[in-house]
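Hi there,

Here is the structure I promised to pass on to you.

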Amino acid sequence: MTMATMNDTVATTTAPVKRRSFGRDLAGLAVILALAAIGYLLFPNNLALLTRITAIALLVLSLDLVTGYCGVATLGQAALFGSGAYAAGIAAVHFGITDPLLMLVSGVLGGAFAGLVCGVVILRAHGLPQLVLSIALIHLFHEFANKASSWTGGSDGLAGIAPDPLLGLFAFDLWGRTAYGFGIGLLAVVFALLRLIVRSPFGMLCRGIKEDPIRIRAMGASPRVAIVKMYVLSGAVAGVGGALNAISTQVVGLDSLSFTLSAESLVMLVLGGTGSLFGALAGTIVFMFFEDIVSAANPFHWLTMVGALLIAVVLFAPRGLYGTAAAFVARRREAGR
Amino acid sequence: MSAIFEVRNLKRSFGGLAVTDDVSLSMAPGDRVALIGPNGAGKTTFVNLVTGNLKADAGDVRIGGESVTHIDAIGRVRRGLVRSFQVTRLFHEMTPAEHVALAVLQRDGRAGRLFGHFLAMPDVMAEVGDLLGKLGLRELMHRRVSEIAYGQQRLLEIAVALALKPRVLLLDEPAAGVPQSDTGRIEEALADLPADLAVLMIEHDMDLVFRFAKRVIVLAAGAIIFDGTPSEVTRDQRVREAYLGSYANASHAA
Ligand SMILES: Nc1ncnc2c1ncn2[C@@H]1O[C@H](COP(=O)(O)OP(=O)(O)OP(=O)(O)O)[C@@H](O)[C@H]1O
Ligand SMILES: [Mg+2]
């Protein structure tokens, strides 16, 4: 076969694959923006909740990067989120960096640094010991923030964060419109970047590591180096979420650095489906609304109901809500061919 | 020619039992060596030791004259010592194209790239298409590995190893589990290997061994008991004794 015809066949066989994933990128962005608009129309008086969901969605996306794409078991992901939140808050309160974009950069750096630390420590172990290490880490981070109260405000929280208007134009208003718009913008940008990253050579390497790290080593690549790198990326994403939370609520509390938040983010991820960015988003939205609605309707038993929902999903839709739906659609399409 | 791959006095025992017992061998570029021996002779263990997947108790391994004894498995691959696995180790959710592309990108130090897609990298795709074409996997390149036949998975295992452009290739029973009808493909692939590549193949199928190898090494109970030409090996008394009562005898009788 000549070079020209060979390149032709390669091009024709790969074009549909590329087009399909690009279409899904656009569809994903469109869905995020559409949901954001619907949320705005349905809950104009509760934009704070919607913004909180957006920040948590960033946390769950960051968890998906290490757990869903690399197979790392962790119950300490809030360490990355909380570090981002405190970094943004401390920048504003102690260093007078009140420009929201600069606070965001602080959050990203803080989260990425926490990601580096957590990645290096957690990768010392595998399986159950790894999980225990992650729990130990989140408690250490929590305790550190509690003790360093001159910087963090300790258990009272870090208050007095007063961000400047976004781009000098949009003040963070009482209704939370600017914060919500800012949050949705950040989520859309992060989502688009992550779609590129999970499809990149690096994303492919990580999927390989998750399936068989020994095979990856036999190809001359270091699973540890790759996962630490993913942890840093994950920390940056969680840091965006943390900074968004600090900017929108104007306080940072110890709860942002808690085991509870870590565990909840894992629950949300499993609920939606690991190893898919759409799954992470779906899980967050369903869990957060469920929590909000059910806890308002029945404040005493809402956790029981969340538990029941989770058991139902694990038993009947083990790939999570999105994962199961996607598999179902794929099967139908296969059958239809 | 000077040795590209050298093993000196390699030793390893499991619970007092020597599974690799003072093994030494040396290979030059272009060598075609078959490593044979009864089940449990320690052939796979030998591969695990030299590739650094398993720690040796003693001995020295050299690639291109450089001692790699204190270098880990990843470093040895990067120096050109590549293996395939006796039981295929592939990524079931990925396609053959992704496997080979990942190996090519890794070899070129591009596997850490955060942007771009291999399907849009013409140089990578040319190599992927070329390699998979040679192994008859071109039509299947975008199927998931879990959907392709085991014989084809064995071929993909070889493709991944070749994509790393090794200097020394260790193939652990490349035809094991492949239906008779498909072994032809594997043989063609073996005949087509780069001429300057040093290949050591572990294989039980003696027909394949005789067609492939210019040199045969026999391992029994962890020690090399024969190292010579294929024509001599069948006449060697110790080799016969080692195989006595084992499956090889049975299959010859059958
Ligand atoms: N990790 C281990 N721990 C204990 N014993 C082991 C270990 N790995 C291998 N062995 C033993 O070492 C011996 C050699 O095993 P090995 O797999 O190297 O044989 P082989 O020559 O490749 O056999 P086969 O032809 O069946 O593939 C066997 O007796 C096996 O039980
Ligand atoms: Mg073996």
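Below are some notes on the ligand site, the interface and the salt bridges.

First, the ground rules. This is a predicted model, in which local features need pLDDT of at least 70 and side-chain atom pairs count only at pLDDT 80 or more, while totals for chains, interfaces and linings use all residues. Residues are numbered from 1 along each chain as its sequence is written, chains are lettered from A and ligands numbered from 1 in the order in which they are written, and side-chain values use heavy atoms, with hydrogens and water left out.

**The ligand site**

Oxygen atoms of ligand 1 lie 2.5 Å from a side-chain N or O atom of Thr45(B), 3.0 Å from one of His204(B) and 2.9 Å from a polar backbone atom of Gly40(B). The protein covers 58% of the 630 Å² of accessible area (Shrake-Rupley method, 1.4 Å probe) that ligand 1 has on its own.

**Where the chains meet**

In chain B, 39 residues are in contact (heavy atoms within 4.5 Å) with 34 residues of chain A. The two chains bury about 3300 Å² between them, 66% of it on carbon and sulfur atoms; buried area is the accessible area (1.4 Å probe) that two parts lose on being put together, summed over both. Arg89(B), Phe91(B) and Leu114(B) supply 19% of the area that chain B buries against chain A, more than any other three residues.

Three salt bridges are counted between chain B and chain A, where a salt bridge is a side-chain nitrogen of Lys or Arg within 4 Å of a carboxyl oxygen of Asp or Glu. Glu157(B) forms a salt bridge with Arg215(A), with the closest N and O atoms 2.6 Å apart. Helix 3 of chain B gives the most to the side that touches chain A, with seven residues.

**Within chain A**

Over all chains, the salt bridges come to 20. Asp25(A) and Arg199(A) meet in a salt bridge at 2.9 Å, N to O. This pair links helix 1 and helix 7 of chain A, the residues being 174 apart in the chain.

Best wishes

Conventions:
A polar contact is a pair of N or O atoms within 3.5 Å; within protein, one must be able to donate a hydrogen and the other to accept it, and residues adjacent in sequence count only if both atoms are side-chain atoms. Helices (H or I, at least four residues) and strands (E, at least two) are DSSP runs, numbered from the N terminus.
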